[in-house]
Amino acid sequence: MSDDRAETFESFFETAEPRLRRALVAAYGLERGREAAAEALAYGWERWDKVRGMRNPLGYLYRVGQSRTRARKHPPVFDVPAQAGDIWFEPGLANALSELSERQRLAVMLVHGFGWQLAEVAEVTGIRVPTVQTHAERGLARLRRALEVRDHV
Amino acid sequence: MPSADWRDCVGHWRFVIMSSGLDVRIRELVDNGAPPLTLAEVDALRAFIAPRRRSKGPLVAVAIVATVIVLVVVLALATGDDGSQSVRVPPAQSVSTSPPPTRQPSGTPAERTAHAADYVYAVDNRHLVVGAGCPDDTPAADVTETRTAVRIRVVYTDSHAFCLTGSVRITLDSPLGTRRIIDATTGRAIPKGQEACADMRASTKAHRSQIRGRMFLSAAESVPMQGLVTATAVSPSTFRCSVQTDEDGQFTMYVPTPGRYVITGLSPHYFEGHSECVGTTSGGLAPSTPVSISRTNNVVHIDVLCNGV
């Protein structure tokens, strides 16, 4: 690979890696999501000449990641630690996240977890903005129900 | 004093966690559970991507053939019950795989004109330089890669009546290996430089001469230019032979005799192979002037100069 290609991919990698990994992990779980992100990025690097000219390379690589993990129809797995540092984790959070639909989980985790704009989620995942908003709202409501959050204090 | 339902307490407690810390927890969950990828990790995976992609072709073909066979058998069984119809087996050529992905150059198809590729040489196993097109209208190339061949269709957007030799640099999706390179415009194989010259080496001495020389930067003779040196026969002959130089810019090639040849060179280090270097003899032959080689010339010395403009 020429220096120019390597440099441009490296700069792309810096910005794209966290976004792609988080989106795919939200959709497919910790292990599968991370593997899918790695495969998608490797694919993108292998075909960087083609990918870098695209209007939305991140969205394209998200699709690549989806296709790489689509064959395995297992529910996503989130191993939630009881405590990490000063953060205490609700024990039911892992199951509650796993039981959300793929799109609801994606919307909830990216919008409420990482503070993505609805349009950003739409751009990466190819889902329309109003649909992302609906999934985020319904997903959060479902998460609250699953964790028996009855109060809105 | 009314006692609060324990569910309210738990609910309130969970809500605090949910509302004030859901974002923190999700970030912690994702970034600790699936730690950031490194470039080295992704690079290691690339080695597996290319072979897997190449191996898909035969699998797809087998799957399609199997599907067609199953359909034919099902149709035969279905129509065999009443015996009133005969089943026509599809001809073999109707079974085809979907076309592999093709890289498209800019411009609409109507604007582009196909141009036969004249020659090709491999800079390395992933990069080709194809000679064709017009220097003032950077040519592009449609490349279709299959397991056994690389098909190249050189295109340019302008309609110049006279096209001098330009070149297109192509990066392949997977290593060239032993695949043939085919000009999609003419359907003929494009000779790889080294091979074309090797063919001539096998002919009898009476019908060929050896051209030796060196390609270098004319402004600094000590700077060798690695690349491709081409001998193009002047009309009516259509012979063209290319050979790659060594690290010192030295080359040796064989051409049929008698004949008149224009010697040119291309180097990826000189305008990235988009500008030609020109051959000249020690006798002061003007650049680009055809060199006449008779049957008595067993060895001819011609240097190829890159002007360094």
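Predicted model: local features only at pLDDT ≥ 70, side-chain atom pairs only at ≥ 80, totals over all residues.
Chain A comprises 153 residues, of which 54% are buried. Its secondary structure consists of 8 helices and 2 strands, arranged along the sequence in the order α-α-α-α-β-β-α-α-α-α. The accessible surface of chain A amounts to about 7300 Å², and carbon and sulfur atoms account for 47% of that area. Of the contacts in chain A between residues at least 6 apart in sequence, 67% connect residues at least 24 apart.

Chain B has 309 residues, 37% of them buried. For chain B the secondary structure amounts to 4 helices and 17 strands. Its accessible surface is about 17000 Å², with 57% contributed by carbon and sulfur atoms. When contacts in chain B between residues at least 6 apart in sequence are considered, 68% join residues at least 24 apart.

Over all chains, the search for aromatic pairs returned 6. In one of these pairs, A:Phe9 and A:Phe12, the ring centres are 6.2 Å apart and the planes meet at 50°; the pair is therefore tilted. Both residues belong to helix α1 of chain A (residues 3-28), where they are 3 residues apart, about one turn of the helix. In an α-helix there are 3.6 residues a turn, so residues three or four places apart point the same way.

A:Trp45, like A:Phe9, is buried. Ring pairs extend this arrangement into a cluster made up of A:Phe9, A:Phe12, A:Phe13, A:Trp45 and A:Trp48. Elsewhere in chain A, a charged side chain is placed over an aromatic ring: A:Arg19 lies over the face of A:Trp116, 4.4 Å from the ring centre.

Of the 17 residues in α2(A), 15 are buried, so the helix is largely enclosed by the rest of the structure.

A:Leu61 is located in helix α4 of chain A (residues 57-69). The relative accessibility of A:Leu61 is 0%, and the residue therefore counts as buried. Leaving out residues up to four places away in sequence, A:Leu61 touches A:Phe12, A:Leu20, A:Ala40, A:Leu41 and A:Gly44. One of these residues, A:Phe12, is also a member of the aromatic cluster. The C-alpha atoms of A:Leu61 and A:Glu39 are 9.2 Å apart in space, with 22 residues separating the two in sequence.

The count of disulfides over all chains is 1. This disulfide is formed by B:Cys277 and B:Cys306, with 1.9 Å between the sulfur atoms. The torsion about the S-S bond is about 95°, so the disulfide is right-handed. B:Cys277 lies in strand β15 (residues 277-281) and B:Cys306 in strand β17 (residues 299-306) of chain B; the pair therefore ties together parts 29 residues apart in sequence. B:Cys277 is buried at a relative accessible area of 0%, and B:Cys306 is likewise buried, with a value of 0%.

A loop position in chain B was also examined. B:Asp248 is situated in the loop between β12 (240-244) and β13 (250-256). Its relative accessibility is 49%, so B:Asp248 counts as partly exposed. With neighbours within four places in sequence set aside, B:Asp248 is in contact with B:Arg214 and B:Pro224. Between B:Asp248 and B:Val223 the C-alpha to C-alpha distance is 8.4 Å, while the two are 25 residues apart in sequence.

Conventions. Residues numbered from 1 in each chain as written. Chains lettered and ligands numbered in written order. Heavy atoms only, no water. Buried < 20%, exposed > 50% of the residue type's maximum accessible area, 1.4 Å probe, protein only. Contact = heavy atoms within 4.5 Å. Areas by Shrake-Rupley, 256 points an atom, 1.4 Å probe, with all protein chains shown as cover. Phe/Tyr/Trp six-rings, centres within 6.5 Å; stacked < 30°, edge-to-face > 60°. Lys NZ or Arg CZ within 6 Å of the ring centre and 35° of its normal. Disulfide = S-S within 2.5 Å.
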